[in-house]
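Hello,

Here is the structure I promised to pass on. Please open it next to this message; my notes follow below.

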Amino acid sequence: LVAGGILTLRARSRYLCRNQPYAKGAVDSLVGNIIGDGIIPQALDSAGAQTAKNLNSLWVDWGDENACDADGMLDFYGLQSLAMRTIAESGSVLIRRRWRRKSDGLPVPMQIQLLEPDYLDSSRDRILPNGGKILQGVEYDARGLRVAYWLFPQHPGDRIQVIQGFQSTRIPASEIIHVFRVDRIGQVDGVPWSAPCIIRMKDLDEYEDAQLIRQKIAACFVAFVHDIEPIEDLST
């Protein structure tokens, strides 16, 4: 379990990724090497030439445009990169399926919403009457299978959330993909990938700042060297 210090780990990891060049470069490299151009779906002709053509055309309208993004900003490949970046920085990402009305005019009446793990109500822990349990906002049935996630309607850091209060709601697990690297048996949520080196990278950052200030101060000093004895008359 990582509930005790997960909020602190996320905050420090995000700070480094936004303010420390080495940390940001590491995350950029991870995203580029792992995602690359991203997963590119392609319908096969085995389903029928016309069917494959229609599916590929539908994908272009939905996945190659921002119609697939619930926030209306990224295409499918941009969502993949953002999801990977969130996993590296925050330890995990929640991918929620959002069903839409046909009247919304989307090529496919479904969109993908990426959520930071902060949306998960990690303070919710309890034993359920049906033999299941809730750990860090993740609900399990009596067999130990994930059946639901308890999510906040807005990010806990948003001002609107502070005004409305912190009330999480139950979302079926069939609507959520919780992606994180499992490092330990029974792990509920992920840990930022920079966790083992956060302190060292912070120390390195401060050391470089101290060295730079030291060199700046040294450059400001000017000295004059002269003899304490009077200079002899060179004309003689």
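Contact here means heavy atoms within 4.5 Å. With that cut-off, L16, C17 and N19 in α1 meet P21, A23, K24 and V27 in α2. Sorted by type, the residues of this contact are five nonpolar, one polar and one charged. Keep in mind that this is a predicted model.

**Helix packing**

Helix α2 covers residues 21-35. Its axis and that of α1 are 5 Å apart, at an angle of about 95 degrees. Angles of 65 to 115 degrees count as roughly perpendicular, so α1 is roughly perpendicular to α2.

Helix α1 (residues 6-19) also packs on helix α4 (residues 76-90). Here the angle is about 120 degrees, and the axes are 8 Å apart. The two helices are therefore oblique to each other. On the α1 side, the contact uses R10, S13, R14, C17 and R18. On the α4 side, A88, E89 and S90 take part.

**Aromatic rings**

How many aromatic pairs does a search of the whole structure find? The count is four. Take F76 and Y77: their ring centres are 6.1 Å apart and their planes stand at 80 degrees, so this pair is edge-to-face. The cut-off for that label is over 60 degrees. Are F76 and Y77 buried or exposed? Both are buried. Together with W59 and W62, they form one aromatic cluster.

A charged side chain also sits on a ring. R124 lies over the face of W150, at 4.0 Å from the ring centre.

**I176**

This residue belongs to strand β8, residues 176-180. Why does I176 count as buried? Its relative accessibility is 7%, and buried means under 20%. Leaving aside residues up to four places away in sequence, I176 touches L94, I95, R96, Y149, L151 and I171. For a distance check, take D61, which is 115 residues from I176 along the chain. The C-alpha atoms of D61 and I176 are separated by 24 Å.

**Where to look**

Then go to the cluster of W59, W62, F76 and Y77. Finish at I176 in β8.

Best regards

Definitions and conventions: Residues numbered from 1 in each chain as written. Predicted model: local features only at pLDDT ≥ 70, side-chain atom pairs only at ≥ 80, totals over all residues. Heavy atoms only, no water. Phe/Tyr/Trp six-rings, centres within 6.5 Å; stacked < 30°, edge-to-face > 60°. Buried < 20%, exposed > 50% of the residue type's maximum accessible area, 1.4 Å probe, protein only. Lys NZ or Arg CZ within 6 Å of the ring centre and 35° of its normal. Axes fitted to C-alpha atoms, helices over the stretch in contact; angles between N-to-C directions. Helix = DSSP H or I, 4+ residues; strand = E, 2+ residues; numbered from the N terminus. Parallel < 35°, antiparallel > 145°, perpendicular 65-115°, else oblique. Nonpolar A, V, L, I, M, F, W, Y, C, P; charged D, E, K, R; others polar.
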